[in-house]
Each structure stands twice: as C-alpha cells, then as structure tokens.
There are 2 protein chains.
Amino acid sequence: MLPIAVDAMGGDHAPGAIVAGALAAAAQGTPIVLVGPPDLKERVDVGDLPLIEAGEVIEMDEDGGRAVRRKKDSTLVRAAEAVRDGQASAMISAGNTGATMASALLRMGRIKGVNRPAIATIIPVPGGQPTVLLDAGANAEVQADWLVQFAQMGSIFSRHRFGVASPKVGLLSIGEEPGKGDGLRKEAFELLSAAAGDDLNFIGNVEGRDVMSDAADVIVTDGFTGNVVLKTLEGGLKAVVNGLLEAFASSPEYKEHAEALMPAMLPLYSTLDPETYGGAMLLGVDGVCIISHGSSSQRAVFNAIDVAREMVEADVVGEISRAIRPE
Amino acid sequence: MLPIAVDAMGGDHAPGAIVAGALAAAAQGTPIVLVGPPDLKERVDVGDLPLIEAGEVIEMDEDGGRAVRRKKDSTLVRAAEAVRDGQASAMISAGNTGATMASALLRMGRIKGVNRPAIATIIPVPGGQPTVLLDAGANAEVQADWLVQFAQMGSIFSRHRFGVASPKVGLLSIGEEPGKGDGLRKEAFELLSAAAGDDLNFIGNVEGRDVMSDAADVIVTDGFTGNVVLKTLEGGLKAVVNGLLEAFASSPEYKEHAEALMPAMLPLYSTLDPETYGGAMLLGVDGVCIISHGSSSQRAVFNAIDVAREMVEADVVGEISRAIRPE
C-alpha cells in the first residue's frame with residue numbers, strides 16, 4: 001500500500017498532535033508520509049517518517065478556494081498532489097476544511113460522472129449504528145439529481161465504513177409523507193424512488209429527530225442543511241455535557257457520586273466524542289480525502305489515518321466510480 | 001381580559017391533560033373558555049369552565065390545510081373564530097400543528113403588511129437565556145425579505161417573552177463572515193444589514209453551534225431549516241438523556257449514585273424540558289395563537305396558557321402590526 005499523506009500543519013494542535021498521531025499509526029504498520037515544512041523535524045519529533053516538503057501553510061481562517069489558488073506550495077496542495085501523482089494513497093488534514101476540499105477537488109479532480117463531491121460526516125447514535133450524513137457542507141446549494149449521487153456514494157461509504165450490508169437511505173425533510181418539504185425535496189423524493197434498487201435502499205423521508213437514531217444508516221441533504229444540522233448537534237451536545245459537568249461539580253458530595261458514575265457514563269461519552277470517528281470523508285473526488293476536526297488530538301489523527309487505510313483497502317473510490325458510471 | 005380559548009381535543013393526552021391544565025390556569029385567575037364537543041363534561045371534569053361547542057376534531061395525522069377547509073365545525077376552527085369574533089383573546093392547541101396554523105391563518109387572517117406568518121419556537125440554553133428560533137416550520141420556502149419580517153417579529157416576541165431589551169438577531173448560515181451561505185442567505189444578510197437600527201439589533205450570521213448558546217437571542221431562518229434544527233435537537237437530546245438513564249440503571253450501585261445526583265441534575269433537566277416553555281407562537285397572524293407540543297402534559301398546557309396571557313397583556317400582536325406598518 002502507498003503511504004497515507006498527512007498534512008502535518010493542519011489543525012489547532014498542529015504539528016505536535018498531528019505528527020504524534022501519525023507516529024502512532026506508523027507504529028501499527030500503516031505507511032505514512034508527512035507533508036510539512038523542511039524544518040519540521042527541528043520542531044517536533046518525526047521519528048523516521050518520510051517528508052514531502054511544502055513551503056507554505058494555509059491558515060484556518062483563510063478563504064479555502066482562494067488560498068489553494070494562491071498557495072501552490074502549501075501542505076494541503078502538496079498532499080493532494082501526492083495522491084494525484086501516485087506517491088500517496090490518501091490525504092488527511094485537520095486544517096481549513098474549505099481549503100482541504102478545494103485542494104482535493106482541484107488537484108485530484110472529480111470521479112468521472114460525479115456532479116459534485118460531498119462531505120460524508122458521521123453522526124454518533126448512542127447504543128446504535130452511527131448515521132452517515134451528507135452533504136455536510138461542500139455544496140451550499142444542490143440540485144435534486146446530485147442528492148441521488150450523494151445517496152449512492154453514502155451507501156458505499158456506509159457499507160465499507162460500518163459494514164452495513166444494505167444501508168437504509170433517508171431523505172432529510174420536514175415530514176415523513178412523500179411530498180413533504182420544499183421543491184428540492186419533492187423532486188429528490190421522486191428521483192430517489194426511481195433510482196431505488198439492489199444498490200440503493202431508499203426508505204423515504206426522514207426528519208431531524210431521526211438523525212441521531214437508528215432510523216436510517218445514510219441521510220442525504222444539501223450542504224447548507226447538513227452543515228447546520230452537524231453544528232447544531234455539536235453545539236447542543238456540548239451545552240448539555242457542560243451543563244452536566246457544572247452540576248456534578250456543584251458540591252463536593254455531588255462530585256464524589258459523579259466520579260463513581262464515570263465508568264458507567266464512559267461508553268456514552270466515547271460514542272458522542274467526535275474524535276472516535278476520526279473525521280469526515282470527501283466523497284466523489286478521485287482519491288481518498290479525510291477531513292478531520294480542527295480540534296483533532298493525537299487520538300483523532302490516529303483514528304483518521306485508520307479510516308483512510310480502510311477506505312483505501314476497500315477501494316471505495318473505485319467502487320464509487322463503477323456505481324456512478326456503470327458499464 | 002377576554003378568555004383564552006383552549007382546544008380541549010388537541011394533543012396526545014387530550015382531553016384529560018388539556019382540561020386539567022386549563023383548570024389549573026383558571027384557578028390562578030386566568031379566564032379560560034374550552035373548545036370541545038357538547039358532551040365534553042361527560043368525559044372529563046371541566047369544573048365551571050365555559051364551553052364553545054364544536055362538533056368535529058381534526059386528527060394529528062390529517063393534512064392541516066385540507067382538514068381546516070373540510071371540518072368547519074372543528075375545535076381548531078371554532079377556537080380561531082372565537083379570537084376573530086372577539087369572544088376570546090388567544091387560542092391554544094396541542095393538536096395538529098399544520099391545522100392550527102391553517103385555522104389561525106384562514107380565520108384570524110394575517111396582520112396587514114406581513115408577508116407570511118412564522119412559528120417562533122424556544123430553544124433552551126443551559127445556564128443562559130433561551131433562543132427564539134423562527135421560522136420553525138410554517139414556510140418550507142421563504143424569500144429574503146420575509147426573513148427581515150421574521151427578525152422584526154422575533155425581536156418583539158423576545159422582548160416581551162424574555163424581557164430582553166435589545167435582542168441580538170442572528171441569521172442562521174454556514175459561516176460567520178458576510179457572504180457565507182446560499183443565495184437566500186447572502187440576499188437576506190444584505191437586507192437585514194440595511195434594516196438594522198434601534199428596533200433591530202442584527203449581529204450578522206450565526207452557525208448551528210450558536211443555536212443552543214447565548215450568541216443570539218433570536219435566530220432567523222427558513223421553515224425547512226428551522227424545523228430540521230428543532231427536531232434534530234429534540235432527537236439528539238432525547239438520545240443523550242436515554243443513554244444517560246441506561247448508564248445510570250446499569251447496576252444497583254450506579255443507580256444509587258445517580259439518585260443522589262438527581263437534585264444537582266434537576267435544573268438542567270428542567271431547562272431542557274420542552275414543557276417548561278409551554279409552546280411556540282405563530283407570529284404574524286391577527287391574534288395570539290400558541291402551538292403546544294403534541295405530547296403536552298397538564299403542566300405544559302398550564303405554561304402555554306400563561307404564555308398566551310402574557311402575550312395578550314403585552315399586546316404583541318398590536319406591536320407587530322405597528323412595527324411592520326409604521327405610521
């Protein structure tokens with residue numbers, strides 16, 4: 001297997017946490033190539049990991065598309081080029097999401113026949129199978145037929161990522177009955193119903209309350225709604241967890257009881273922790289591209305690399321290519 | 001004050017919980033008139049509450065608009081007519097949301113100058129001021145200038161409902177910078193910026209993570225996104241609470257510690273409980289219309305009546321009318 005290209009400079013805790021995660025993955029036998037500045041090894045311990053040199057870094061707050069066009073020697077652009085040129089099997093970044101998408105799209109290109117790539121993100125489901133939600137923000141506006149491709153790509157991702165044999169695909173809307181929702185949803189419902197078959201298990205409309213449940217394995221929506229849903233859940237869970245922690249800390253006695261309860265709460269906490277899943281995947285580009293959360297720790301990077309390896313080994317890109325353009 | 005018309009037959013626990021909530025509110029001095037079938041008092045104890053008779057009931061799963069057109073003698077239609085005809089100061093229902101909207105819209109009518117009524121729902125914020133989110137589902141598709149009216153109406157609601165002197169209004173989008181989002185958001189951002197002033201404290205774009213936070217007092221969006229956000233949060237919180245309860249019940253020892261912690265967790269639980277806020281308000285119709293959750297208990301109905309009374313006393317409808325059509 002070709003090495004996985006890891007953007008050493010992307011994310012709030014770069015390069016330290018990123019390189020540490022890469023080293024941990026390498027220790028488990030996954031081939032890695034770092035992408036970073038020439039002096040990276042003077043800044044952090046990189047072990048004997050190889051390095052693709054890049055002279056520039058795209059910052060978190062830069063406009064993604066513009067930055068990729070201007071910073072042609074950035075770690076993100078070089079990582080995408082490494083995949084394009086057959087030096088790497090996948091790229092991973094916890095940096096600027098827009099720039100990660102743009103570099104993958106502009107350097108790797110789209111899979112033939114794919115209208116638009118989409119970000120497939122993973123929503124944890126306490127006590128159940130996680131839900132794959134796409135698009136989580138690549139396309140603020142979409143057309144109904146793009147949603148059919150999102151459904152196809154999301155199904156392939158769900159199969160390989162979570163081993164779901166026939167993923168249930170729901171269309172996010174505001175009512176379960178066909179015909180509920182805006183014009184886009186009504187048209188997409190028709191197209192998805194027509195496309196349903198052996199490879200696409202379309203179960204109809206689902207609602208917001210189904211996102212964090214076992215109702216569907218894959219939920220398709222436009223990138224505006226998907227991004228709002230993802231961030232609303234992140235914010236909501238954070239508010240609740242903070243509220244609980246405050247309550248637990250409100251007296252020494254409560255603190256003791258809470259500590260005794262920690263082992264029971266740990267599995268739930270771990271399920272809800274975004275780091276558990278290692279990141280989102282940009283589906284529809286001609287190569288594996290994993291987008292990690294900006295706050296990624298060493299563990300999140302390690303998990304993201306693991307996901308990238310799985311997606312490469314399962315040839316998810318090849319499978320999408322065959323599904324979108326059948327012989 | 002004219003009595004508040006309570007739809008005795010709307011909601012999963014009607015008429016029992018509804019009438020019990022109405023009786024509790026009446027005991028506190030709020031004038032009430034029930035709207036229900038002629039034999040209501042044979043089915044539940046209605047005390048000495050007056051009754052407006054209605055021969056039909058709109059079920060939860062009926063199409064709202066169609067049901068209102070067909071069932072002209074339904075409790076919902078009669079409640080809205082009572083407000084229109086000056087027999088009641090407000091209407092409340094925990095029944096079919098679409099039919100509640102339709103009956104209010106068709107019988108009370110829109111406030112002059114209002115493009116479209118919007119559902120203002122209340123998102124709890126642990127440790128902070130709740131956020132008013134609108135539209136939560138009245139309009140699946142909106143135009144940019146409607147969002148400006150939603151901002152105006154939401155500000156008036158926030159002022160009277162929560163006593164916020166100058167409510168911070170955010171436009172829900174997928175990035176904080178101006179120009180982020182789809183075409184609708186870009187246009188709305190311009191219009192909201194132009195409309196900002198003494199009565200409209202527009203703070204710019206907000207993101208999903210700001211919904212359950214103190215970032216904004218009022219968040220405006222289209223009814224599709226708003227409904228998805230509301231239900232996503234409901235589902236997500238339910239999943240987390242269920243996960244916690246399961247963890248707490250997983251051993252007798254854990255159960256004891258959890259019980260000892262309950263007093264500490266109660267304020268958070270109460271904040272997150274949708275019943276605490278009593279329901280959403282349909283803003284822009286020519287009368288006070290409160291839409292309660294279908295699962296409303298006696299306590300939720302009591303709180304909804306309290307909100308209706310406050311909104312009547314504050315003359316929120318008159319204030320919206322003056323704001324939308326200034327002299």
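1. In this predicted model, A:Phe189 and A:Phe202 are both buried. The corresponding residues of chain B can be given with values: B:Phe189 is buried at a relative accessible area of 12%, and B:Phe202 is likewise buried, at 13%.

2. B:Phe189 comes from helix α7 (residues 183-195) of chain B and B:Phe202 from strand β8 (residues 201-206) of chain B, so the contact ties together parts that are 13 residues apart in sequence.

3. Over all chains, the count of aromatic pairs comes to 4. One of them is formed by A:Phe189 and A:Phe202, whose ring centres are 5.5 Å apart and whose planes stand at 70°, so this pair too is edge-to-face. Here A:Phe189 belongs to helix α7 (residues 183-195) of chain A and A:Phe202 to strand β8 (residues 201-206) of chain A, so that the pair links distant parts of the chain, 13 residues apart.

4. Between the chains, attention goes to two arginines. A:Arg185 lies over the face of B:Phe224, at 3.8 Å from the ring centre, while the charged end of B:Arg185 sits over the ring of A:Phe224, 3.8 Å from the centre of that ring.

5. Chain B contains an open sheet of 11 strands with mixed pairing, and the order of its strands is β3-β2-β1-β4-β11-β10-β5-β6-β9-β7-β8. Which strands stand at the edges? They are β3 (51-53) and β8 of chain B, and because each has a single partner strand, one side of each is left without a neighbour in the sheet. On average, and with direction ignored, neighbouring strands of this sheet are turned by 25° against each other.

6. Within that sheet, strand β1 (residues 4-7) of chain B pairs with strand β2 (residues 32-36) of chain B in the parallel sense, over 4 bridges, and B:Asp7 is found opposite B:Val35 in β2(B). Helix α1 (residues 16-27) of chain B lies across β1 and β2 of chain B and runs at about 165° to β2(B). Helix α4 (residues 75-84) of chain B also packs on the sheet, where it touches β1, β2, β3 and β4 (90-93) of chain B, and its direction makes about 160° with that of β4(B).

7. The same helix α4(B) packs against helix α5 (residues 97-108) of chain B at an angle of about 35°, with the axes 9 Å apart, and the crossing of α4(B) and α5(B) is right-handed. Among the residues that make the contact are B:Leu76, B:Val77 and B:Ala80 from α4(B), together with B:Ala99, B:Thr100 and B:Ser103 from α5(B).

8. Strand β5 (residues 118-123) of chain B pairs with β10(B) in the antiparallel sense over 3 bridges, with B:Ala118 opposite B:Leu283. Strand β11 (residues 288-291) of chain B pairs with β10(B), also in the antiparallel sense, over 2 bridges, and B:Ala280 stands opposite B:Ile291 in β11(B). The hairpin of β10(B) and β11(B) has 4 residues between the strands, and in this hairpin B:Gly284 takes a positive phi near 110°.

Notes. Residues are numbered from 1 along each chain as its sequence is written. Chains are lettered from A and ligands numbered from 1 in the order in which they are written. This is a predicted model: local features need pLDDT of at least 70, side-chain atom pairs count only at pLDDT 80 or more; totals for chains, interfaces and linings use all residues. Side-chain values use heavy atoms; hydrogens and water are left out. Rings of Phe, Tyr and Trp (its six-membered ring) pair if their centres lie within 6.5 Å; planes under 30 degrees apart count as stacked, over 60 as edge-to-face and the rest as tilted. Buried means under 20% relative accessible area, exposed over 50%, partly exposed in between (1.4 Å probe, protein chains only). A charge sits over a ring if NZ of Lys or CZ of Arg is within 6 Å of the ring centre and within 35 degrees of the ring normal. Two strands pair if DSSP finds at least two bridges between them. Axes are lines fitted to C-alpha atoms, for helices over the stretch in contact, and angles run from 0 to 180 degrees between N-to-C directions. Contact means heavy atoms within 4.5 Å. A crossing is left-handed if the near helix is turned anticlockwise from the far one by less than a right angle, and right-handed if clockwise.
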